[in-house]
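Hi,

Here is the structure I said I would pass on.

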Amino acid sequence: MHPSIAHFLAGALLGLSLAAPPGPIMAIIATAAVGGRPREAILTGLGAITGDFIWLGLVLLGFIAFLHDHLRVVGVLGLMGGGLLLWMAWETLRTARRGIGESKLRGSYRIGVFTVLTSPFSFAWWMSSGPLVIRAW
């Protein structure tokens, strides 16, 4: 296989590993898009992208080495992410009972950023696969 094709496929798989798994951001964006609120969906997606850029910056600045020496920060991030996911699960349950049209939860740029920064999935991806992507660059 030609090296450029192999590099393209490796990059595509890494991108897919971050973008494809369904999660809270995808649910918020989908709910807004289906509810006829495309601006809200786009702003939430842009917030999520910003959150990923923040994680990228932290990895580039040596955040992994910092976490190695400050394990309590990992615990706090885990608690914040778990709390956010529980709140979203609660709101999802309430919305399911009322019907999707009655949802009070709205997406926004801030929700997108905060969700990515506190998501255990995003944290794990950036602390494991993130350095590999940076090294490949």
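This is a predicted model: local features need pLDDT of at least 70, side-chain atom pairs count only at pLDDT 80 or more; totals for chains, interfaces and linings use all residues.

Of the 137 residues, 28% are buried. If you take the contacts between residues at least 6 apart in sequence, 76% of them join residues at least 24 apart.

Helix α2 covers residues 24-34 and helix α3 residues 38-60; their axes cross at roughly 160° and come within 7 Å. With the cut-off for roughly antiparallel being over 145 degrees, α2 and α3 are therefore roughly antiparallel to each other. The crossing of α2 past α3 is left-handed.

Which residues meet there? From α2 we have I25, I28, I29, A32 and A33, and on the α3 side P38, E40, A41, T44, G45 and A48. By type, that contact has eight nonpolar residues, two polar and one charged.

Now for burial: I25, I28 and A32 are the ones in α2 that are buried. They cover an arc of only 70° around the axis, so they lie on the same side of α2. Their packing partners are α3, α5 (71-98) and α6 (109-118).

One last thing to look at: just after α2, G36 has a positive phi of about 75°.

Cheers

Conventions:
Residues are numbered from 1 along each chain as its sequence is written. Side-chain values use heavy atoms; hydrogens and water are left out. Axes are lines fitted to C-alpha atoms, for helices over the stretch in contact, and angles run from 0 to 180 degrees between N-to-C directions. Helices (H or I, at least four residues) and strands (E, at least two) are DSSP runs, numbered from the N terminus. Angles under 35 degrees count as roughly parallel, over 145 as roughly antiparallel, 65 to 115 as roughly perpendicular and the rest as oblique. A crossing is left-handed if the near helix is turned anticlockwise from the far one by less than a right angle, and right-handed if clockwise. Contact means heavy atoms within 4.5 Å. Ala, Val, Leu, Ile, Met, Phe, Trp, Tyr, Cys and Pro count as nonpolar, Asp, Glu, Lys and Arg as charged, and the others, Gly among them, as polar. Buried means under 20% relative accessible area, exposed over 50%, partly exposed in between (1.4 Å probe, protein chains only). The arc is that of the directions from the helix axis to the C-beta atoms.
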